[in-house]
Amino acid sequence: MDEYDSLSSSDSEIEMDEGELEDYQCFVCDNVTHSTTEFFDHLSNNHDWNLKKEPNLFADQYTWICFVNWARLKKSQQWRDFLSISKDDRLAFLKPVIDGDAVLMIDVESFFGGSEVLSDDEKTPEQLREENENLLFQLTKCKQMIAELVSGPANDRSGSFFGSAPPVPSGDMPPSPSMFSSGVLPTQYLLDRTTLSAFRQFMLHNSRDCFAGKTVVNLCQDGGILSVFAAHAGASRVLAIESSRRFSEVVKSMSKANGFESTVEVLESLSNVPLARVDVVLWNWLSDCLLETDESQIFSLIRSRVGRIYPRQATLNLVGACISSEIKDAFIPPSTSSVGFDTSPLVDAAYNNVYSICLSSYGEFVQILSEKPTVLVSLDMLQNPTFLFDVPDFSILLDSKKSSPLEVNALVLYLDCEMDCDAPFSVCFSTSPQANATRFNQSVIFLKRPISVSSGDQIRGSLTRPASSTLLLTLRHNASQEPIAATLFLPGKTHLYSQTT
């Protein structure tokens with residue numbers, strides 16, 4: 001797995017070029033444009049469909065998908081006719097009318113946000129800081145909502161595939177400046193085109209060998225998207241694990257809308273699977289790999305009852321980075337407190353956390369100082385399902401083209417994923433900060449004592465994960481400097497989706 005900037009295949013020409021122009025076909029006529037702005041301008045100027053004036057209508061991606069398919073199927077001259085359709089009846093329009101319809105993939109939540117969307121390079125440090133503060137506020141409100149739901153008389157979702165409810169994470173959740181939250185909503189699978197395309201291409205090109213006639217268990221809690229993919233690839237039976245009553249109905253609607261209601265079943269928990277042996281498991285474990293989470297029950301299932309799991313393999317990679325103070329200050333408090341008391345223990349505690357951050361969003365504010373990553377460990381969820389590892393000795397080469405001297409103030413962990421190296425077509429993708437952004441953030445370790453290096457220098461160290469909650473890190477640059485040693489705490493698995501009704 002050497003190149004991950006786009007989807008690739010080891011034995012085929014499967015690739016996804018994010019730079020390729022999309023074709024946005026008009027709802028009313030045959031006109032085709034190549035940008036979202038041109039698409040909506042055409043609708044407004046030529047057909048009086050002023051959709052940008054109705055941002056509240058398209059507050060979520062599901063509504064937009066239903067609207068797009070309704071408009072194409074009904075050929076209505078008045079878009080407002082859609083408003084007369086109830087929310088339940090709209091679900092009948094989830095099935096795409098046009099195969100590969102680029103309009104379905106428009107991120108309407110951002111496009112209809114009401115303000116001009118700046119590119120990452122155009123954002124000022126002040127704007128980035130404001131975004132971080134807004135995200136932190138939103139996460140705090142989500143925590144309050146979760147607490148209210150948990151303390152209420154009923155909680156629809158257990159938060160576990162096995163039906164036992166985990167505790168709500170305690171303490172302040174670190175801000176996660178990403179369009180994809182850790183507790184991902186099913187709709188965000190539609191926004192993460194890289195990961196969604198990886199699953200789609202893998203199932204499409206391996207349908208006969210890996211899915212035809214198979215029984216598939218889907219643990220991804222994706223609202224039914226991957227279950228439909230599996231059924232379309234020829235699976236004889238798909239068991240979608242979905243403990244939320246709300247999204248159970250969505251999965252059923254997705255299956256019915258695409259003609260697979262007889263193939264896809266919805267189960268509340270994995271313990272309800274009525275099989276001694278499962279052919280295939282779909283589990284997007286990349287999101288949990290570097291979080292504090294106990295997946296021992298799923299690991300036990302894989303070892304004893306599963307023939308295949310997708311994705312199957314990934315390498316855990318490490319690079320050195322210099323992250324600007326504008327970004328770092330959103331996570332690490334200043335060493336000098338304005339409250340008049342010694343707050344150094346809080347600062348130390350902040351440095352001992354591992355943060356889940358989408359560095360891909362920050363452009364020039366993040367400098368990756370390693371041209372080639374250090375591969376720490378290879379993970380194979382079929383052969384050895386575990387998130388624990390021990391790397392007694394690693395070396396990071398600082399070979400950035402930036403002029404020396406360089407300062408390493410952070411280490412960045414990310415995954416290069418391969419669906420299955422043994423499959424006829426092995427599709428790959430990456431969560432690298434230099435690749436296309438996915439719903440999988442990078443794991444960032446900020447160094448309290450930055451290391452000054454020159455291009456060509458090496459930093460040696462060790463990294464061990466002895467338990468689900470901690471990493472043990474040591475670093476040494478040269479003999480004259482005191483080695484860095486730290487016990488780091490992984491972020492807890494947030495259940496923003498998994499504990500809501």
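Start by selecting the open four-strand sheet, ordered E13-E17-E18-E19, with antiparallel pairing. Strands (E, at least two residues) and helices (H or I, at least four) are DSSP runs, numbered from the N terminus. Two strands pair if DSSP finds at least two bridges between them.

This is a predicted model, where local features need pLDDT of at least 70, side-chain atom pairs count only at pLDDT 80 or more, and totals for chains, interfaces and linings use all residues. Residues are numbered from 1 along each chain as its sequence is written, and side-chain values use heavy atoms, with hydrogens and water left out.

**The antiparallel sheet**

Axes are lines fitted to C-alpha atoms, for helices over the stretch in contact, and angles run from 0 to 180 degrees between N-to-C directions.

Now pick E17 (residues 458–467) and E18 (residues 470–476). Six bridges pair them in the antiparallel sense. Look for glycine 461, which stands opposite leucine 475 in E18.

**The parallel sheet**

Move to the open sheet of five strands. Its order is E6-E5-E4-E7-E8, and the pairing is parallel. E6 (264–267) and E8 are the edge strands, each with a single partner strand, so one side of each is left without a neighbour in the sheet. Neighbouring strands are turned by 25° against each other on average, direction ignored.

Select E7 (residues 278–282). E4 (residues 215–218) runs parallel to E7 and is joined to it by three bridges. There, valine 217 stands opposite valine 281 in E7.

Turn to E8 (residues 306–310). Four bridges join E7 and E8, which run parallel. Valine 278 stands opposite valine 306 in E8. Follow the chain from E7 through helix H11 (residues 296–305) to E8: this β-α-β crossover is right-handed. That is, with the strands pointing away from the viewer, the path from the first strand over the helix to the second runs clockwise.

**A last stop**

Select serine 356 in strand E10 (residues 355–357). Is serine 356 buried or exposed? Serine 356 counts as buried, because its relative accessibility is 14%. Show asparagine 441 too: a polar contact of 3.2 Å joins the two side chains. A polar contact is a pair of N or O atoms within 3.5 Å; within protein, one must be able to donate a hydrogen and the other to accept it, and residues adjacent in sequence count only if both atoms are side-chain atoms.

Notes: Buried means under 20% relative accessible area, exposed over 50%, partly exposed in between (1.4 Å probe, protein chains only).
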